[in-house]
Amino acid sequence: MREEFQVWRTNRDREFLHNGRVVRVPDSWVFVPSGDPGLTRRLKAAADCWVVVHKRKNRVEAVGVWAEAAEVERVRGDLAEERANPAYLRRLEAAKQARIARQDAYVVAFRQAVVDFLHFAPCYEELAWDLADAVTDQAVPVGSGTVARTERIPLAERAAAAVIAWMRHQTTGYDQMAIARIKGERRAVRRTLAAGSREILDRYRRGEPIAPDCPLAAALR
């Protein structure tokens, strides 16, 4: 039976906290760290196992799986045999190309969404595309962990949030600020900086003359 355990000490210790009590991994079991989705997926489906996770504030990270050593070796052997098959390699390559195509399409769509959000006056259209390129390059890579990679909010909202995040790091002193460790303080600072960023964007939307020391223009230079 598959059960889930939170990391108590380290991911290779044999003792874990489960439902308020300390439990010990059977001596005949071995730890399989996360990293091979095919292996861990089959172990979870085919064997009694303990799934170890690390729970953070807003997400759960997989650490690995404990399972019977003999079962781990059997599943590894089956996988190795399948992965040596030319048909498997062809499917793997086809899946890779499909992922690349999806990512390329997303980059194009996200970049356009950023430009739509900026909605700069015609005289600043070139700068809008430059900013869209900069934001897209930072936000959309797979594994970046940015708001652009979530599917929980619409694309337009992702683009808007990514622009504000980019400006926070590139046009303000946020990364060097000493922010008090008070609940809500960092969020308040971000809100203040976001308001300033939106004021800058509004000047470009209205087509106003931009001062030479504009932090956005300087960041893009």
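Let me start with a definition: a residue counts as buried under 20% relative accessible area, as exposed over 50%, and as partly exposed in between, with a 1.4 Å probe and protein chains only. Arg83, for instance, is partly exposed, because its relative accessible area is 28%.

Hi everyone, and thanks for coming. Before we walk around, a word on the model: it is predicted, local features need pLDDT of at least 70, side-chain atom pairs count only at pLDDT 80 or more, and totals for chains, interfaces and linings use all residues. Residues are numbered from 1 along each chain as its sequence is written, and side-chain values use heavy atoms, with hydrogens and water left out.

I will also be naming helices and strands. These are DSSP runs numbered from the N terminus: helices are H or I with at least four residues, and strands are E with at least two.

Let's go to the salt bridges. By that I mean a side-chain nitrogen of Lys or Arg within 4 Å of a carboxyl oxygen of Asp or Glu. How many salt bridges does the structure hold? There are nine salt bridges.

Back to Arg83, then. Its side chain meets that of Asp36 in a salt bridge, at 3.0 Å from N to O. This pair links distant parts of the chain: Arg83 sits in helix H2, residues 69-83, while Asp36 is in the loop between strand E4 (29-33) and H1, 47 residues apart. Asp36 counts as partly exposed, because its relative accessibility is 24%.

Now look at Glu82. Which residue does Glu82 form a salt bridge with? The partner is Arg42, and the closest N and O atoms are 2.7 Å apart. Here too the pair links distant parts of the chain, with Glu82 in helix H2 and Arg42 in helix H1, 40 residues apart. Glu82 has 34% relative accessibility, so it counts as partly exposed. Arg42 is also partly exposed, at 32%.

There is a network to point out as well: salt bridges link Glu71, Arg74 and Asp78. Arg206 counts as exposed at 54% relative accessibility, whereas Glu208, at 29%, counts as partly exposed.

Let's turn to helix H1, residues 37-46, where we find Thr40. Is Thr40 buried or exposed? Thr40 is buried, because its relative accessible area is 10%. For neighbours, I use contact to mean heavy atoms within 4.5 Å. Leaving aside residues within four places in sequence, Thr40 is in contact with Val32, Pro33 and Val65.

Next, please find Ile164 in helix H5, residues 155-170. At 8% relative accessibility, Ile164 counts as buried. Setting aside its neighbours within four places in sequence, Ile164 is in contact with Ala194, Ser197, Arg198 and Leu201. Ser197 lies in helix H6 and is buried, with a relative accessible area of 3%. Beyond four places in sequence, Ser197 is in contact with Ile164, Met167 and Thr171.

Helix H6 covers residues 185-206, and Arg186 is found there too. Arg186 is partly exposed, because its relative accessible area is 41%. On the surface, Arg181, Arg186, Arg187, Arg190 and Arg191 gather in a patch of positive charge. A patch is made of residues with over 30% relative accessible area and no salt bridge; like charges are joined within 9 Å, and nonpolar side chains (Val, Leu, Ile, Met, Phe, Trp, Tyr) within 5 Å.

Where is His119? His119 is in the loop between helix H3 (86-118) and helix H4 (125-139). It is exposed, with a relative accessible area of 60%. His119 is not a glycine, yet it has a positive phi of about 50 degrees. His119 and Leu201 are 82 residues apart along the chain, and their C-alpha atoms are separated by 8.9 Å.

The other loop residue is Asp27, between strand E3 (21-24) and E4. Asp27 counts as exposed, because its relative accessibility is 65%. From C-alpha to C-alpha, Asp27 and Arg14 are 8.6 Å apart in space, and they are 13 residues apart in sequence.

Conventions: Areas by Shrake-Rupley, 256 points an atom, 1.4 Å probe, with all protein chains shown as cover. Lys, Arg positive; Asp, Glu negative; His and termini not counted. Charge placed at Lys NZ, Arg CZ, Asp CG, Glu CD.
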